[in-house]
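Work through the exercises below with the sequence and the 3D view side by side. Try each task before you read its solution.

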Amino acid sequence: MSEAARVLELLAERGHTLAVAESLTGGLVAAELTGVPGASKTFRGSVTAYATPLKEQLLGVDGTLLAERGAVDPEVALQMAAGVRGRLGADWGVATTGVAGPEPQDGRPVGTVYVAVSGPAGGGAGAGKVAALRLNGDRAEIRRESVRSVLELLCELLGDEHSENARAQDTEQNGGD
């Protein structure tokens, strides 16, 4: 079973919904989810806020935070996840932000990625959780691994007992911290 299928199955078991906010992945998370038959039962929609100002305008990310730290930041990722969750009326929100390359951004090297989950109180995420990734590979590989990592983080918070160990091992193999 794909990671996307597992996420949707876990959400359906709980009667929960999901919304996605994407930057560096440019819609790949949403595409992965909607590739699963029956995704409409739990997937509400997505916002691809590729340009930094859209993160503030569409997702409610704090403008001062963006000005001071840039878009590639763990708190930005968390605010994106919470913002899309609220804007699209979902139980869970996930977000991706980072540097896929080929050039560094906001003083961050290529492969710096933050994935975040915002969930209901008592639903595993509480206020939310962010994972910092240091990924190797070309632009396409970094984007694919970002998609896999955000779905894995959500699985972990939804209580999938296999997710945390798999993500930790893979992140370590990819030079993560």
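**Exercise 1. Find the helix that holds Gly-63, and say whether Gly-63 is buried or partly exposed.**

Solution. Start with the element: Gly-63 lies in helix α4, residues 63-69. Helices here are DSSP runs of H or I with at least four residues, strands are runs of E with at least two, and both are numbered from the N terminus. Next, take the accessible area. Gly-63 has a relative accessible area of 22%, so it is partly exposed.

The model is predicted: local features need pLDDT of at least 70, side-chain atom pairs count only at pLDDT 80 or more, and totals for chains, interfaces and linings use all residues. Residues are numbered from 1 along each chain as its sequence is written, and side-chain values use heavy atoms, with hydrogens and water left out.

**Exercise 2. List the elements of the protein chain in order.**

Solution. Count by type: the chain has seven helices and five strands. Then walk from the N terminus: α-β-α-β-α-α-α-β-β-β-α-α. Now turn to burial. Of the 177 residues, 50% are buried. Finish with contacts, meaning heavy atoms within 4.5 Å. Among contacts between residues at least 6 apart in sequence, 62% join residues at least 24 apart.

**Exercise 3. Give the strand order of the sheet, and name the strands at its edges.**

Solution. The order is β2-β1-β3-β4-β5, in an open sheet of five strands with mixed pairing. (Two strands pair if DSSP finds at least two bridges between them.) The edges are β2 (43-48) and β5 (129-134). Each has a single partner strand, so one side of each lacks a neighbour in the sheet. Direction ignored, neighbouring strands are turned by 15 degrees against each other on average.

**Exercise 4. Describe the pairing and the burial of β3.**

Solution. Take β1 (residues 18-22) to begin. It runs parallel to β3, and five bridges join the two. Ala-19 has Gly-93 in β3 as its bridge partner. Then take β4 (residues 112-118). It pairs with β3 (residues 92-98) in the antiparallel sense over six bridges. Gly-93 stands opposite Ser-118 in β4, and Thr-97 has Tyr-114 in β4 as its bridge partner.

Now sort the directions. Trp-92, Val-94, Thr-96 and Gly-98 point one way from β3, while Gly-93, Ala-95 and Thr-97 point the other way. Seven of the seven residues of β3 are buried, so the strand is largely enclosed by the rest of the structure.

**Exercise 5. Look at the loop between β3 and β4, and find what marks Pro-102 and Asp-106.**

Solution. The peptide bond from Gly-101 to Pro-102 is cis, with omega near 15 degrees. Then check Asp-106, in the loop between β3 and β4 as well. Its phi is positive, near 50 degrees, and it is not a glycine. Asp-106 is partly exposed, with a relative accessible area of 41%.

**Exercise 6. Describe how α1 packs against α6.**

Solution. Two packed helices are described by the angle between their axes and the distance between the axes. Helix α1 (residues 3-14) and helix α6 (residues 139-157) pack at about 30 degrees, with axes 9 Å apart. (Axes are lines fitted to C-alpha atoms, for helices over the stretch in contact; angles run from 0 to 180 degrees between N-to-C directions.) The two helices are therefore roughly parallel. (That label covers angles under 35 degrees; over 145 is roughly antiparallel, 65 to 115 roughly perpendicular, and the rest oblique.)

Now name the residues. Glu-3, Ala-4, Arg-6, Val-7 and Leu-10 in α1 meet Arg-148, Leu-151, Glu-152, Leu-154 and Cys-155 in α6. By class, the contact has six nonpolar, no polar and four charged residues. (Ala, Val, Leu, Ile, Met, Phe, Trp, Tyr, Cys and Pro count as nonpolar, Asp, Glu, Lys and Arg as charged, and the others, Gly among them, as polar.)

Key. Buried < 20%, exposed > 50% of the residue type's maximum accessible area, 1.4 Å probe, protein only.
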